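Please walk through this protein chain with the structure open beside the text.

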Amino acid sequence: ARGGAAAVALRSSVSSLQVRLRKKPPTPAEVVGEEILGSQYGQEAEQAVALASELMHVTNLVQLIMEGKKEKASLGLGGSELERDFYRTDSAGEKTSVAHFVVLAVVGRRLLESFPDDAVLCEDDVMLLERDADFLATVTKVISEFGLCEEATQDDVLQWVRHCSTALEQDEPKRFWAIKPIDTFEELREQKPYVSSVALVEDGQPVVSAVAAPTIPYDHPSRSSESRRGSPIFFAVKGHGAYTQHVIVENDDGSYKGKCYMRGFREQLKAGEKIVRAHDGLWDYLGAEQLHISMSTRMREDIFLDAQRIGKELGSQYPKFEFANSSLKYCLLARGQADVCWWLARGLYDKSKGTEHLVDHVAGCLIASEAGAEVADLDGNPVEWVVPILKNNRGLLACDPSKIPLKGIITAIETASSTSEVLFEERVQKKKEVAKLLAHIFNTVGDFAETDEEKEACKKVMERGNKLLSDEEEMMKITQDMVNREAPLLGEGPQAQDTFGNEGDIPLSPISPS
């Protein structure tokens, strides 16, 4: 048995060397390697790598098409033409794009051909194309006229996209593919790093995954510098490790030339092997090594302060934060560019579960865990891959145990949570005061209106004001801003005697209720 395993390993090494020495791009099968191909999920791994490689081309191509529509006066991928042709708002009120649906169509087509009996999970509004004939025509045109599938019809595209939601038609699918076509829309629109991911889940566990990262340079701890010509795909197979593959993306002055291909051979990922080759600004001059933490952007200030407290509890007074809103965080951890990544969706004071979605995490989690990282929720519990929301878990985190063990992070979270809970109670009390003051302003603003025009304007102010008061998230942001101020929200008011008979003076708002 040992001799057979050694022979397979030798053939795999020879195959990798041959791929490295020749100029012809390796095939997905050659990238995966004989050992994995001969395993239980060999065919699935080959298709996942092929998909990730194809999605590198698809996403670069669609972004090039969108760039061609960009108005000269617009910033980033914005503008009226793009809004009309390439962006939509789905039934849940979320923004989506033609890129999302082209990726879904490409993935749905390949999975129908290769694994027709497998269910597929995505959380995109797959019925949008049926409701929007113009958008369907645009998606079909991109697929057929730009070489993705020249014979594709609108009916084909509808079938491929609809296939990507078949897992939602089953109560508890035993085996399904999870798709995140563009992660996330904001990153795509703002031209920041985004990814496309696919993962196979069987018997409640991810077993194969691949992530295409078309907007970041390829890198690995074994390299002396990052690639200027290529980007990475990441893939993993349960029990067989995690890997990254170099994909050359041909560009001309930053514009995609319509061609990309895999080059060289896969490189294994180990979370404990770090990419360290350059000076790191302020962190080079600190007295102790600091943690590198990857977390989401666009969060409330109190959540970020929770993250800082965890870092300090772990002995890192000035942790370096890297911000990304996609499963790219897991991949950066796997290739040695982060020590820990986490999702603090609602702050540590909030103990509620079910804040995370399976499709957002499953592909990246397998890559991180197969690279040696430890993965759990914020309470230290294993992740239960429940469709479509992880209802039994609170947040998520992954860490390099050689740098900081999972148990240590959980202890730090528990300690930081105590402070978070106390501060939350203070914010709740402040929020009541702010809400009372704002409610008075909104409800009395009409008293000063004289003309019909002024009354109509006051009516709109009251409507928007009451809507603001019912927005829990926005009110908490206003409250946090008030807490941060040395002066009250509306400035300092005059001092007056306490009309309730208590000793001492009390501050009054500049706006008198009388």
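A cavity, in the sense used here, is a set of grid points over the protein atoms where a 1.4 Å probe fits but cannot get out. In this model, which is predicted, the largest cavity holds about 80 Å³ of space, and the structure has four cavities of 30 Å³ or more. The lining of the largest cavity includes Trp-343, Leu-344, Ala-345, Arg-346, Gly-347 and Leu-348, and it also takes in Asp-350, Ser-352, Thr-355, Leu-378, Arg-394 and Gly-395. By residue class, this lining divides into five nonpolar, four polar and three charged residues.

The largest pocket has a volume of about 1200 Å³, and 39 residues line it, with Glu-94, Lys-180, Thr-184, Glu-186 and Asp-360 lying nearest its centre. Several elements of secondary structure contribute to this lining, for β2 (95-97), β4 (175-183), α10 (185-189), β13 (340-343), α13 and α16 (472-484) each supply at least two residues. Of the elements, β4 gives the most, with four residues. The lining of the largest pocket comprises 16 charged, 12 polar and 11 nonpolar residues.

How far apart should the ends of helix α13 be, given its 13 residues at 1.5 Å a residue? The helix covers residues 358-370 and should span 18 Å, and because its end C-alpha atoms are 18 Å apart, the expectation and the model agree. Of its 13 residues, 11 are buried, so the helix is largely enclosed by the rest of the structure. After α13 comes Gly-372, whose phi is positive, near 105°.

Two single residues show contrasting surroundings. Is Ser-53 buried or exposed? Ser-53 sits in helix α4 (residues 42-69), and its relative accessibility is 14%; because buried means under 20%, Ser-53 counts as buried. Apart from neighbours within four places in sequence, Ser-53 is in contact with Ile-233, Cys-260 and Met-262.

Arg-263, by comparison, is placed in the loop between β9 (255-262) and β10 (267-269), and it is partly exposed, with a relative accessible area of 41%. When residues up to four places away in sequence are not counted, Arg-263 touches Pro-26, Arg-229, Gln-245, His-246 and Ile-248.

The secondary structure of the protein chain comes to 16 helices and 17 strands, and 48% of its 514 residues count as buried. Among contacts in the chain with a separation of 6 or more, 66% are between residues 24 or more positions apart.

Key
Residues numbered from 1 in each chain as written. Predicted model: local features only at pLDDT ≥ 70, side-chain atom pairs only at ≥ 80, totals over all residues. Heavy atoms only, no water. Expected span 1.5 Å × (residues − 1). Buried < 20%, exposed > 50% of the residue type's maximum accessible area, 1.4 Å probe, protein only. Contact = heavy atoms within 4.5 Å. 1 Å grid on protein atoms, 1.4 Å probe; cavity = no way out; pocket = protein on both sides within 12 Å on 5 of 7 lines; lining within 4 Å. Points joined across faces, edges and corners; volume = space filled by probe spheres on them. Nonpolar A, V, L, I, M, F, W, Y, C, P; charged D, E, K, R; others polar.
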